[in-house]
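Here is a short tour of one protein model. Keep the structure in view as you read.

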Amino acid sequence: MSDIGNARMRQLSTIVAVGRSNERDETFVNMPVYRGSTVLFSSIEQRQKSQEKKFDQALSYGVRGGPNHHALEDMIAELEGGTRAQILSTGLAACTTALLACLRAGDHLLMSDGVYGPTRDFATGMLGRLGIETEFFPPEEDVGNLRKLLRPNTAAIFAESPSSHTFEVQNVPMLASLKERQDLKLILDNTWGIGNFRPFEHGVDFSVQALTKYVCGHSDVCLGSISTATEENFRLIRGAALELGQYASPDDCWLALRGARTLGVRLRQQSASALRIAQWLADQQPVVQLRYPALPGSPGHEIWKRDFDGASSLFGVVLAPHISVEASHRFIEALKLFGIGASWGGFESLVLPTTGFIRRSFPAGSTEGPALRLYIGLEDTDDLIEDLAQAMQVLA
Ligand SMILES: *Cc1c(COP(=O)(O)O)cnc(C)c1O
């Protein structure tokens, strides 16, 4: 993230200003919260007209959203490098809505084995009951083997990069190249890559974000988004979201807008801190592997360097095979500055065990020893290293 190009500078400037009104001579920096279900119209004709605008950013009906939704849509579309975005109640709802929007009974879905657990559960659960077959593929599968998995009824590929917990980096342009053979949609869960991976430049059709994570950034909001780069794809998503009754609270959208204003500086600080900590960990005797795409030598580093502008601060650590899973749990519990918890993206550092807590169809990541996941927050880097060092004494 050393040099920020012109496009990125403009992006950061846009994100600071999104939602501010230019309509008056004086205005607050932040827009107000617009709460509402009923929209009143000046005439029946006006009401009639508004009903035809369900794909527009118009005030027409409560669940179709208001000014806070529209401002957040614009901000997320800008961050993702798309043209439009739909806001959803959670990150998981963004994953499920994107899938429901492109699939029908009888379809075949290819899904990376490394996706977020509840996304997998939705595919094997509800999609299965609706007559959609999901086939998992290893996240690092090559193009030849993936081509062999394509069937005439394969309607979508769902990937997440890097993988949840094991951090394999997807070759997204290669996945997009599979679309040449048939009318396939490529859905990417780009939560880790927020602001650093521009999905539509690599052939993605639908980019999913758990805004719950870095965008909201303060561990107090659940929200999701799906961004698109064509009007056709946007209509597919917005149509599905409205049919499903998807909605997000304007208060939460307002908090997401506020959180996102500082996203650039948080990501820069936290990824620099994460890189230093990962480098330090790589030299420690109980550690056999770092799974942090931004770290040279880490799995997926070459693809990361080719496709990403920067990194987030979530990565995996694999311990030596002689260390038991129980000992790795004692290490986790000995940490004082890392909370044991799942929903990363806030200002506080987190840790979770990986081994025994993820479900995969294929061997995942390094199987050498027990693995764990670290999320680096905004604490002082030296303090975090000191904490890791003192907790490591339980492994001696
Ligand atoms: C957290 C997360 C989600 C789900 O987000 P929620 O808002 O908690 O539903 C989806 N995908 C990824 C990669 C995540 O990390």
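## Terms and source

Two strands count as paired if DSSP finds at least two bridges between them. Helices (H or I, at least four residues) and strands (E, at least two) are DSSP runs, numbered from the N terminus.

This is a predicted model, in which local features need pLDDT of at least 70, side-chain atom pairs count only at pLDDT 80 or more, and totals for chains, interfaces and linings use all residues. Residues are numbered from 1 along each chain as its sequence is written, and side-chain values use heavy atoms, with hydrogens and water left out.

## The seven-stranded sheet

Seven strands form an open sheet with mixed pairing. Their order is β1-β7-β6-β5-β4-β2-β3. The edges belong to β1 (84–88) and β3 (133–137). Each has a single partner strand, so one side of each lacks a neighbour in the sheet. On average, neighbouring strands are turned by 20° against each other, direction ignored.

Strands β6 (residues 206–210) and β7 (residues 224–228) run antiparallel and are joined by four bridges. Ser207 has Ser227 in β7 as its bridge partner. Helix α3 (residues 67–80) lies across β1, β6 and β7. It runs at about 120° to β1. Axes here are lines fitted to C-alpha atoms, for helices over the stretch in contact (heavy atoms within 4.5 Å). Angles run from 0 to 180 degrees between N-to-C directions.

## The five-stranded sheet

Another open sheet has five strands, in the order β8-β9-β12-β11-β10, again with mixed pairing. Its edge strands, β8 (287–291) and β10 (339–340), each pair on one side only. β10 pairs with β11 (residues 350–353) in the parallel sense, over two bridges. Ile340 stands opposite Val351 in β11.

Helix α12 (residues 325–334) packs on this sheet. The helix touches β9 (314–319), β10, β11 and β12 (371–375). Its direction makes about 165° with that of β11.

## Around the ligand

Which residues surround the ligand? They are Thr90, Gly91, Leu92, Tyr116, Glu160, Asp189, Thr191, Ala210, Thr212, Lys213 and Trp344 (each with a heavy atom within 4 Å of the ligand).

Polar contacts are pairs of N or O atoms within 3.5 Å. A ligand oxygen atom is 2.8 Å from a polar backbone atom of Gly91. A backbone N or O atom of Leu92 lies 2.9 Å from a ligand oxygen atom. In the side chain of Thr212, an N or O atom is 2.5 Å from an oxygen atom of the ligand. Taken alone, the ligand exposes 380 Å², and the protein buries 89% of that (Shrake-Rupley method, 1.4 Å probe).

Note on methods
A polar contact is a pair of N or O atoms within 3.5 Å; within protein, one must be able to donate a hydrogen and the other to accept it, and residues adjacent in sequence count only if both atoms are side-chain atoms.
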